[in-house]
Amino acid sequence: MSDIVVQAENLTKQFPVASKRLGEKPRVLHAVDGVSLSIPKGGIFGVVGESGCGKSTLGRCLLRMETITGGSVSFQGRDITNLSGRSLKSLRRDMQMIFQNPYASFDPKQKIGSAFREAARVHEMPREKAEVRIRDLLREVNLPEDALNRIPSEMSGGQLQRLAIARALLLDPSFIVADEPVSALDVSVQAQILNLMMDLRNKFSLTMLFISHEMSVVRHLCDQVAVMYLGMVVEQAETEELFSRLLHPYTQALMSAIPTLDPDHKSRRIVLQGDIPSPIDLPAGCPFADRCSRCAPQCREARPALRDRGGGHLVACHLV
Amino acid sequence: MENLLEIRNLTVELMTTRGIVYALSGVDLAVRPGEIHGVVGESGCGKSMTAKSILRLHNPQRSRMKGSIRFEGRELLGLPDREIEKLRGSAVSMIFQDPMTSLNPLMTIGDQIADMYRFHARAGKKEALEKAQEMLEKVGIAPAAKRFRQYPFELSGGMQQRVMIAMAIACAPKLLIADEPTTALDVTIQAQILELLQQLSADMGMSILLITHNFGIVAETCQRVSVMYAGKVVETGETRDLLRRASHPYSRALIRSIPGCEERGTRLETIPGSPPALFEPPESCMFAPRCPFAEERCRKAYPTLFDCGGGHLAACFKPLGKEESTRV
């Protein structure tokens, strides 16, 4: 395989939770629980799951926007698990993030151009070089130059998301985390942004972690996919492999819950009962046991390990 | 069949600081008794505006409405506000996208449902509380006796939306307007809520006007659908029929931009340009500037409705033939 840009080994992130009563044993929220992944140069790694499954926290951990509780993260072969201060700041230049709501990623009163120049200044990019680069990028994302003189409220959501992508590319990063970048957009605009991301990936061989709750989007764009549930990866494989045989009951349910254009699809639907349980004080067994239609006694006793079922298709289930 | 709700040539003009916005310019929509009717379109196309107009939920001082909205044969447009108020929550009720902002955070959910019922059904306190509990059971919130005393923040998003539905159906409405009821929810929860709505519609013989931007939801839950663009309904028909042969270029483009049907990694079809600003009343086809099939006449006049057969109508001079729009 080509060179690995980002690698995580058994990555764990826990948040302390305030105790309800004085003297109560402190509790922890398991946001990310033992996730391992590696993304080769030019690869797009998709993470899917419902809200609260830890997909955003995983992205933030890889960028070292969070301190890490356990396991390790390495970036371009260098261990960055415990970096801090100046060495962490120099890392930021190589790693960028794109968020869900483009209106919240720009200062509403700052002109777009100024927001771009600020990013260049913080990372000490020479001014002339920055100006040229900004104009090149605007062309890449199909926006006119006069966008630089406008403020965010004068732009549509799709245009602003293009600008957020352009700004993320400004410093020529090696790794981008895109956290639900198309979830707030209309389908026709979503299609434009997905096309743009595919073009940019091909052109700049971008390496990306793509976080989404939509299976269809991930399937369209990503090379590898991990399905998360309560901080754990329950299934992980190459995209083609994963979608050609969905093995974990949760992945199957998630896939069947998506409304499709085929009116006969509904008869095959598995409707999950109940909500995602709280990630605080997880039960000893499989985290999905309470909602799983195939739950067996051993599922309540031990947590299933993520095992290879052939062809690098990893599944965490006792019954598969 | 007599329509439960019939909207004819509805126009809504909004007075804003930047001038008049022609939010709706001639909407025609009919909902039959007991059916789930979908309204799809992109943000700003007038889906929510149509829904709000039925219950007169926009500021009357800053808007102007013309046309006709008939509910059970009765014209709503000229009715005094008091009459409309009687209608809200009883014969016609509505649920919204974000349940957390629709519920009162300082009242228990049981009290909120009971309050609503006391107002509309003129019931006593005890009767209303019993009704509230019954409704919670009906929407699948168990155990109702315990949940009854909880506050909205103690419930998940899906549960909150169930509470909203319980409140909306307490007076057994004939029509439920659901404005993007599952957009803020996860797919697995969305599937639960859609199933609940379908079951309630069948059990109570209640019509639902389901507003959504997701064609997949329409395909699975609605018997008929209307596609809106720039303040007008551009195509309407049986869901199956419309999905099989979308005749308006906009509907077709919208359906084709959904990922998941073509080869992985291939480019998705997009619609060039962006929807028009609605500062001028439309005189020609509003989709013409973005339409690959537009001709001279499309830029001169608004197309009349073309009957594609079986109640399938499209507002287009050149509705697409079957071979051009085939899909699935």
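Author: Some ground rules: residues are numbered from 1 along each chain as its sequence is written, and chains are lettered from A, with ligands numbered from 1, in the order in which they are written. The model is predicted, so local features need pLDDT of at least 70 and side-chain atom pairs count only at pLDDT 80 or more, while totals for chains, interfaces and linings use all residues; side-chain values use heavy atoms, with hydrogens and water left out.

Reader: What makes S4(A) and S5(A) a pair of strands?

Author: Strands are DSSP runs of E with at least two residues, and helices are runs of H or I with at least four, numbered from the N terminus. Two strands pair if DSSP finds at least two bridges between them. S4 (residues 70-75) and S5 of chain A are joined by 2 bridges and run antiparallel, so they pass that rule. In one of these bridges, Phe75(A) has Arg78(A) as its partner.

Reader: Which strands are called edge strands in chain A?

Author: The open sheet there has 4 strands in the order S2-S1-S4-S5, with antiparallel pairing. Strand S2 (27-40) and strand S5 (78-79) are the edges, as each pairs on one side only.

Reader: And why are S2 and S5 of chain B said to stand at the edges?

Author: Chain B also has an open antiparallel sheet of 4 strands, ordered S2-S1-S4-S5. Strand S2 (19-31) and strand S5 (74-75) of chain B each have a single partner strand, so one side of each has no neighbour in the sheet.

Reader: How do you know that H1 of chain B packs on the sheet?

Author: Contact means heavy atoms within 4.5 Å. Helix H1 (residues 47-54) touches S1, S2 and S4 of chain B, and its direction makes about 105° with that of S1(B). For such angles, axes are lines fitted to C-alpha atoms, for helices over the stretch in contact, and the angle between N-to-C directions runs from 0 to 180 degrees.

Reader: How do you know that S1 and S4 of chain B pair?

Author: Strand S1 (residues 5-16) and strand S4 (residues 63-71) of chain B share 8 bridges and run antiparallel. Among the facing residues, Glu6(B) is opposite Arg70(B), and Glu13(B) is opposite Arg64(B).

Reader: What makes Asp199(A) and Arg267(B) a salt bridge?

Author: The rule asks for a side-chain nitrogen of Lys or Arg within 4 Å of a carboxyl oxygen of Asp or Glu. Their side chains meet at 2.6 Å, N to O, so the pair qualifies. Across the interface of chain B and chain A the rule finds 1 salt bridge, and over all chains there are 30.

Reader: Why is the salt bridge of Lys203(A) and Glu140(A) said to tie parts together?

Author: Those side chains meet at 2.7 Å, N to O. Lys203(A) lies in helix H7 (residues 187-204) and Glu140(A) in helix H5 (residues 127-140) of chain A, so the pair links parts 63 residues apart in sequence.

Reader: What is the buried area between chain B and chain A?

Author: Buried area is the accessible area (1.4 Å probe) that two parts lose on being put together, summed over both. Here that comes to about 3,400 Å², with 53% from carbon and sulfur atoms. The contact takes 40 residues from chain B and 38 residues from chain A.
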